[in-house]
Amino acid sequence: TIPYIPYKVKDIGLASWGRKEIELAEAEMPGLMSLCEEYGDEQPLKGARIAGCLHMTIQTAVLIETLIALGAEVTWSSCNIFSTQDQAAAAMAEAGVPVYAWKGMSEEEFNWAIEQTLFFGEDRKPLNMILDDGGDLTNMVLDKYPEMAKDIKGLSEETTTGVHRLYERVKKGTLPMPAINVNDSVTKSKFDNKYGCRESAVDAIRRATDTMLAGKRVVVAGYGDVGKGTAASFKGAGSIVTVTEIDPICALQAAMDGFEVKKMETVVGNADIVITTTGNKDIIQSQHFKAMKDKAIVCNIGHFDNEIDMAWLNKNYGHTKDEIKPQVDKYTIEGKDVIVLAEGRLVNLGCATGHPSFVMSNSFTNQTLAQIELWKHSNKYENKVYMLPKHLDEKVAALHLSRLGIELETLRPEQAEYIGVTVEGPFKPDYYRY
Ligand code: NAI
């Protein structure tokens, strides 16, 4: 084990600011608040020692306090070096949560922080549950502390890229515990990835650059859930948006939504802003950088920074790098300036504050339900990746209706029978795609 450090944050003095923001966020997170009410007495997470690795934002603070209200002990790190809101981390530290996160940490500090979360309290008890976003915590446990796996009852994973890593592990036979894929709950990926990015993508560009978005030519690489939200974000701002895709279905969807679909090489030279959303690597490479026009803005909203070849840029033009402000850097390539945001890491959390609370409440209600299910019923599951059942997906949505004044029709029994469902739901077969 490693020595006990109660927490490490940028400035504990930010705690009261963080607390005020957390209270505002709670009003926008009805899913989490109602789980606290529903399960507060029962304490379904009693005994659980959950290590979490997920952007340490105000919304995540509400998730952490929900898990604690349900009986868990929790430790926390952020899954990105730039995504922590220091006031949120401070508020958690002041509330007694062992949190190890600050905005602008180094890669070394990032790994150090994750490692701190594996051991609980002064008696250094090991974690017995994982809550991950992107798989870095999971990898740390399974690669560096494989002997810990046998006492871990399960893991829940937040994002597309992390889920992808889990299915790879299943294929290779290296997943030693059951996992729940939170990302592919409908109330997660079809809301957070899409409508979340619709709000936070332009927010990031505006906070970072203050550039006028209307009339600008924007290239969005990828038209999955994040790409759909991102393209809509810029369209809403009056930008002229072009999409790139490799999947003919998503390419056709983009066209049906009114976007031009072209190859990157065709459009990159005329772009004012290029943003990658693919979860894939090597989308923006040297030839693209060289073709860009002066003052083009380049950024990524996918989970990892390898969508943009930052290694090439830093190796060949690192000497021209000029920091305009934190997370906004100007490089000069053969006489032309390129503005790179958040060093190629996910821009909405690096240059802005991520998604709004309301949409994160949907994601985190799924997370909490997944943790309860795995903690209480781990033995019902094999070492595979599962999804939450549809009735819980519908429950998550249902918990968010009244905040928006939504009225729901109720099926009459004969109507339910006619479409082959029950009056209480689930209202769709599993193969339905939304
Ligand atoms: P997705 O799988 O729905 O979409 C990715 C799309 O990129 C697919 O349609 C795929 O065909 C396309 N693509 C793959 N290679 C490509 C290439 N070479 N050129 C053009 N298109 C290509 O995944 P999703 O859910 O949209 O997530 C994308 C990434 O964003 C993941 O890394 C995920 O973890 C991350 N994410 C980030 C969030 C944020 O707030 N920044 C929120 C949710 C997810």
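Let me start with one side-chain pair: in this structure, which is a predicted model, the side chain of Thr57 makes a polar contact with the side chain of Gln59, at 3.3 Å. Thr57 itself sits in the loop that runs between strand β1, residues 49–53, and helix α3, residues 58–69. Is Thr57 buried or exposed? With a relative accessible area of 5%, Thr57 counts as buried, because that value falls under the 20% cut-off. Leaving out residues up to four places away in sequence, Thr57 touches Ser83, Gln85, Ala88, Leu349 and Thr353.

As a general point, nonpolar side chains in soluble globular proteins tend to be buried together. Here the largest nonpolar core has 62 residues, and the members that touch the most other members are Leu118, Leu127, Val141, Phe234 and Leu341. The largest share of this core, six residues, comes from α8. Apart from this core lies another, of 45 residues, which includes Trp76, Ala91, Met129 and Leu131. To take Val141 as an example, and leaving aside its neighbours within four places in sequence, it is in contact with Leu118, Leu127, Ile130, Pro146, Met148 and Ile152.

Phe234, which I named for the core, is also among the buried residues of helix α9, so let me finish there. How many of the 12 residues of α9 are buried? Nine are, and the helix is mostly covered; besides Phe234, they include Asp225, Lys228 and Thr230. These buried residues pack against α8, β9 (217–221), β10 (240–244), α10 (248–256) and β12 (273–276). The length of α9, residues 225–236, can also be checked: at 1.5 Å a residue the helix should span 16 Å, and its end C-alpha atoms are 17 Å apart, so the two values agree. Just after α9, Gly238 takes a positive phi of about 90°.

Conventions: Residues numbered from 1 in each chain as written. Predicted model: local features only at pLDDT ≥ 70, side-chain atom pairs only at ≥ 80, totals over all residues. Heavy atoms only, no water. Helix = DSSP H or I, 4+ residues; strand = E, 2+ residues; numbered from the N terminus. Buried < 20%, exposed > 50% of the residue type's maximum accessible area, 1.4 Å probe, protein only. Contact = heavy atoms within 4.5 Å. Polar contact = N/O pair within 3.5 Å; in protein donor to acceptor, adjacent residues only side chain to side chain. Core = buried A, V, L, I, M, F, W, Y, C linked by side-chain atoms within 4.5 Å. Expected span 1.5 Å × (residues − 1).
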